[in-house]
Every structure is written in structure tokens, then in C-alpha cells.
Amino acid sequence: MNKPIFELVNELPTNNVTVMMLRSLDFVVPGEWQNIVGFENTIREVTGETDEEMIQAIGDRAVWLYNDKSQGYQRAMWLYQTVDRADSALGAAALANKVGDKIPLVGGLLSRVTPNPDKAQAIDLTIKLVVELVAFCQINGIPGDSIGDFVAALGEYSGESLMRMAALVCVDGLIPLGPDFILKAQSTLNNLSPQDLSSNPAFSRVSSLIPGGNARGQLDFIGESFDSVKGWMANFVNQRDLTPEKVFSRLQSFIEFSESKLDYVAAFLDMTTNYYEHTGTQTLAARLIERALAEI
Amino acid sequence: MTALRKVLLTFVLGTVLLITSCSNQSPSRFDTAQQDSTAKGSSAVVSESQSGGSFNRFFPDESNGYKRVYTQEKQGFAEAKLKKDGKEVAVLSISDTLNNPSAVNKFEQSTETINGYPAVNQGKTGTAVLVGDRFQVKVLSRDNSFTEEDRKTWLGKFDLRGLSKLN
């Protein structure tokens with residue numbers, strides 16, 4: 001059985017590798033993300049209400065809405081959970097090895113991490129972007145392939161949603177692929193066959209919810225999505241003057257790594273964080289609670 | 001011998017930890033809603049409710065530096081943010097109470113009207129009107145500068161009469 005929404009929000013960690021990473025990225029979107037955890041706490045934060053009866057009514061309605069499968073919330077949650085592939089044992093090992101406030105990326109930890117080839121990394125980036133688009137439409141109710149509506153909505157992103165996009169650009173773009181990550185992803189997509197796409201693990205995990213009908217159609221959908229969002233991403237990077245060096249230097253607030261092991265940093269974060277699931281749960285809970293408050 | 005006792009103690013403590021951590025979650029005040037909403041045949045939204053898209057045209061127009069941004073459009077529900085100088089100051093919504101009939105109860109206590117429709121305050125930040133005994137129009141403040149008076153003014157800017165004809 002699916003977990004109740006209140007359990008999912010209650011179980012969000014207050015401090016793990018994901019949370020440490022997101023905190024280190026605050027400089028990209030200053031003050032946008034607070035790690036709000038706990039269902040009742042989220043209701044109070046989102047609505048500003050403190051009356052216990054109101055909180056009960058809002059929470060009850062949110063639970064009902066989440067459990068109605070026709071409303072799309074569970075599909076969105078599944079997408080956010082499935083696109084990440086965090087290895088919780090590795091994450092725990094990393095935390096256990098902390099020296100002071102930092103995780104040293106050395107020795108045994110390093111040997112358990114394998115950098116992704118550029119091609120797989122580029123596909124990962126585009127798949128995560130498409131997952132955001134589809135999950136957005138499931139949560140907010142715009143038809144599933146309305147790319148234009150999504151691009152307009154990106155400009156309105158704030159809070160944990162904006163942090164998720166910031167992390168995507170930094171950790172799945174700039175760090176593994178370098179400053180021209182958009183071009184690299186574009187050229188990977190241009191040279192990709194439907195067979196290549198089908199054999200990519202990130203795609204296989206979520207393909208059942210990607211529009212397009214078959215691998216060829218899905219590849220087209222991914223291409224169109226990436227095409228329409230790349231301008232937004234380029235602006236995001238330019239406006240903030242983001243570079244891999246700047247991101248690396250901020251990541252050093254919680255991981256210690258040598259210049260010769262930069263390749264491993266992206267792979268380590270990929271394997272130990274689930275920032276899509278973490279912030280996606282926060283986004284979904286906030287939208288659900290807003291709707292519940294309006295409907296009671 | 002001490003080594004054996006240590007091993008045994010570790011084993012026993014470990015088992016206790018495992019058992020306690022695997023036990024069920026502590027009860028939640030939302031358990032009843034969880035059980036009722038996952039019972040066979042239950043749903044939060046009924047097919048007779050109006051589509052969210054059909055509500056959009058009854059929202060107030062942008063004016064006096066206020067920007068309106070549509071944010072959610074689901075069966076029986078539509079929502080828009082009201083922004084001023086880039087800041088979110090209020091949330092506007094229309095919902096079909098066919099999906100949540102108990103929402104109309106609070107209007108029995110209504111002592112005032114907006115454009116002829118019963119109005120009530122709800123919680124700290126909300127004011128709502130009931131149109132045609134069915135559609136709930138609500139404005140929620142998201143900034144202290146947006147007062148109860150502002151909420152009432154904006155409720156009056158919805159096309160409430162038009163919405164009543166959707167019934």
C-alpha cells in the first residue's frame with residue numbers, strides 16, 4: 001500500500017547528505033528554501049493558520065485529495081521518488097565517516113563511487129527536466145504535454161521548487177558536464193536513438209509516465225521539452241554568473257575532495273542524495289495543502 | 001567470558017532496537033481520514049463537479065498594479081495568485097462544493113453579503129462567499145498588507161453573477 005502523505009512529509013530528514021547539499025546551494029537562490037518537514041508543520045507554514053480545528057480540516061482534506069488517484073498527486077510523487085536513485089547505505093556510510101562538519105571523499109568511500117560517462121549524465125539531466133514537467137502538470141492540473149504552460153510557470157517558480165531547479169542546474173549540469181552543459185545535453189539528445197534511450201536506466205525507471213506513446217515519440221517529447229527549457233536554464237546560469245568552480249567551492253562546505261577527484265564529486269552526490277524526492281515531496285505537500293485550504 | 005557477554009548484550013540490544021524500529025508508526029490525527037479515503041469506492045472528487053478550467057473566466061481582471069497568475073486547475077477547483085510588485089499578496093480560488101459538501105455549513109453563520117451572496121471569514125487569513133449554494137469563492141491573504149477589507153473588495157471583483165449561472 002502507498003504510504004499516507006502525512007507519513008511521507010513527517011519522514012523527511014532534517015539533516016542528511018541531501019539537506020547538506022541543498023543548504024550549500026543557498027547562494028544560487030538565496031533564502032528561497034527552508035527545510036520544512038512534518039505534515040502539521042507544513043500546514044502551519046503554508047497557510048499561516050494556528051487554530052487546531054482548521055489544521056485538522058485542512059489536513060483531512062489534503063489526505064483525501066492525495067488518496068484520490070484520479071487527481072494525479074500519487075503519480076507526481078512516484079515520479080519524484082523514482083527518478084532519484086540514492087543509495088541510502090552509501091549516504092549513511094558517508095555521514096558516519098564525517099570528520100567535523102565535512103565528509104572526506106577518500107579511501108573506501110571513493111572506491112564505491114563510479115563517475116557516469118558524459119552521455120549517461122546528459123540523458124539523466126534531460127530525464128530529470130522532463131520529470132519536473134510531467135510532475136508539475138500532474139500536481140497543478142495542466143494537460144500532461146503542455147510544454148508552453150510549463151515554461152511560463154518556470155518563471156514563477158519559488159521556494160523549494162526553485163531550489164530543485166537550482167540543484168538540477170548545478171549538480172546534474174555544471175558539475176558533471178561543465179560550463180557548456182546545455183550544449184552537451186543538446187548534442188547528446190540530437191544523436192540519440194530510441195534504442196539508446198530505452199537502454200538508459202534513468203529513462204527506464206520513469207518511462208511509463210513519459211508522454212509520447214513509444215520510445216521514438218518519447219524521445220521527441222524529451223527533445224521538445226529540453227529545447228523549450230534550455231533558454232530558461234541558460235538565463236538562470238548567466239544571471240547568477242554560475243560556474244562549476246563556484247559550485248565546487250560551495251560544496252566544499254560539507255565535502256572534502258582533492259582537485260584530481262572532481263569527477264567523483266558529481267557521482268558521489270548522485271548516489272547519496274535524493275533532492276528530487278525531498279523537495280518534490282515538499283512541493284507536492286504545499287500545493288495539496290493550498291488546495292485543501294481553498295476547498296474546506 | 002566477558003567477550004561472550006558483550007556479544008550477547010549487543011545482540012539483545014540490537015534485537016530490541018530492531019523490533020521497536022519496525023513497529024507501526026505512532027497514531028496520527030489524520031488516520032481516520034486516511035482510512036476513510038482509502039476505503040473501496042471513496043473519492044475526493046466527483047465527476048459531476050465542474051472542470052477547473054470553466055472557472056477561469058469568472059476571476060477578477062488585473063488592475064492597479066496587481067498581477068494575476070493562474071496556478072492550479074483541477075477538477076472542481078481553480079486557483080490564482082495575486083501579486084503586487086513581484087510579491088505574492090493573496091490567493092484567489094473558486095471551488096465546487098459538490099466535492100466537499102461540508103464546506104457550505106459555515107455559511108449558515110453568515111451575517112453579511114457581498115454582491116448579494118453570503119460571506120464569512122474563515123481562520124486568520126480567509127474570506128469566502130457561497131454562490132448559488134454551490135460554488136465557494138475564497139480569497140486568502142498572503143501578506144499582512146492585504147487586509148480583510150482587501151479580501152472583500154477582491155471577492156466583489158469576481159463575476160459572481162456569471163458563476164451562479166454555471167449551476
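This is a predicted model: local features need pLDDT of at least 70, side-chain atom pairs count only at pLDDT 80 or more; totals for chains, interfaces and linings use all residues.
Let me start with a pair of helices in chain A, H3(A) and H17(A), whose crossing is right-handed. Two packed helices are described by the angle between their axes and the distance between the axes. For this pair, the axes of helix H3, residues 39-47, and H17(A) come within 10 Å and cross at roughly 65°, and H3(A) and H17(A) are therefore roughly perpendicular to each other. If you look for the residues that meet, you will find Thr42(A), Ile43(A), Val46(A) and Thr47(A) on the H3(A) side, and Ala285(A), Ala286(A), Ile289(A), Glu290(A) and Leu293(A) on the H17(A) side.

Now let us turn to a second pair, helix H5, residues 73-83, and helix H8, residues 118-140, both of chain A, whose axes come within 8 Å and cross at roughly 160°. At that angle H5(A) and H8(A) are therefore roughly antiparallel to each other, and their crossing is left-handed. From H5(A) the contact takes Tyr73(A), Arg75(A), Ala76(A), Leu79(A), Tyr80(A) and Val83(A), while H8(A) brings residues including Ile127(A), Val131(A), Val134(A) and Ile139(A). The residues of the contact between H5(A) and H8(A) comprise ten nonpolar, one polar and two charged.

Let me step back to chain A as a whole, whose secondary structure comes to 17 helices and two strands. Its radius of gyration is 19 Å, close to the 19 Å that the globule rule gives for 296 residues, so chain A is as compact as a globular protein of that length. Taken along the principal axes, the C-alpha atoms of chain A fill a box of roughly 55 × 50 × 40 Å. Buried residues make up 47% of the 296 residues, and, among contacts in chain A with a separation of 6 or more, 80% are between residues 24 or more positions apart.

Val17(A) and Thr272(A) are 255 residues apart in sequence, and yet their C-alpha atoms are 6.5 Å apart in space. Leaving aside neighbours within four places in sequence, Val17(A) is in contact with Gly91(A), Ala94(A), Leu95(A), Thr272(A) and Thr273(A).

Asn214(A), by contrast, lies in the loop between helix H13 (201-206) and helix H14 (215-240), and it is exposed, with 10 other C-beta atoms within 10 Å. The C-alpha atoms of Asn214(A) and Pro194(A), 20 residues apart along the chain, are separated by 8.7 Å.

Finally, where does chain A touch chain B? Here 29 residues of chain A are in contact with 30 residues of chain B. On the chain A side, the elements that give two or more residues are helix H1 (5-10), helix H4 (52-67) and helix H17 (275-295), and H4(A) gives the most, with nine residues. The residues on this side of chain A divide into ten nonpolar, eight polar and eleven charged.

Key
Residues are numbered from 1 along each chain as its sequence is written. Chains are lettered from A and ligands numbered from 1 in the order in which they are written. Axes are lines fitted to C-alpha atoms, for helices over the stretch in contact, and angles run from 0 to 180 degrees between N-to-C directions. Helices (H or I, at least four residues) and strands (E, at least two) are DSSP runs, numbered from the N terminus. Angles under 35 degrees count as roughly parallel, over 145 as roughly antiparallel, 65 to 115 as roughly perpendicular and the rest as oblique. A crossing is left-handed if the near helix is turned anticlockwise from the far one by less than a right angle, and right-handed if clockwise. Two residues are in contact if their C-beta atoms, placed from the backbone, lie within 7 Å. Ala, Val, Leu, Ile, Met, Phe, Trp, Tyr, Cys and Pro count as nonpolar, Asp, Glu, Lys and Arg as charged, and the others, Gly among them, as polar. The radius of gyration is taken over C-alpha atoms; the globule rule is 2.2 Å times the number of residues to the power 0.38. A residue is buried if 20 or more other C-beta atoms lie within 10 Å of its own, exposed if 12 or fewer, and partly exposed in between; C-beta atoms are placed from the backbone.
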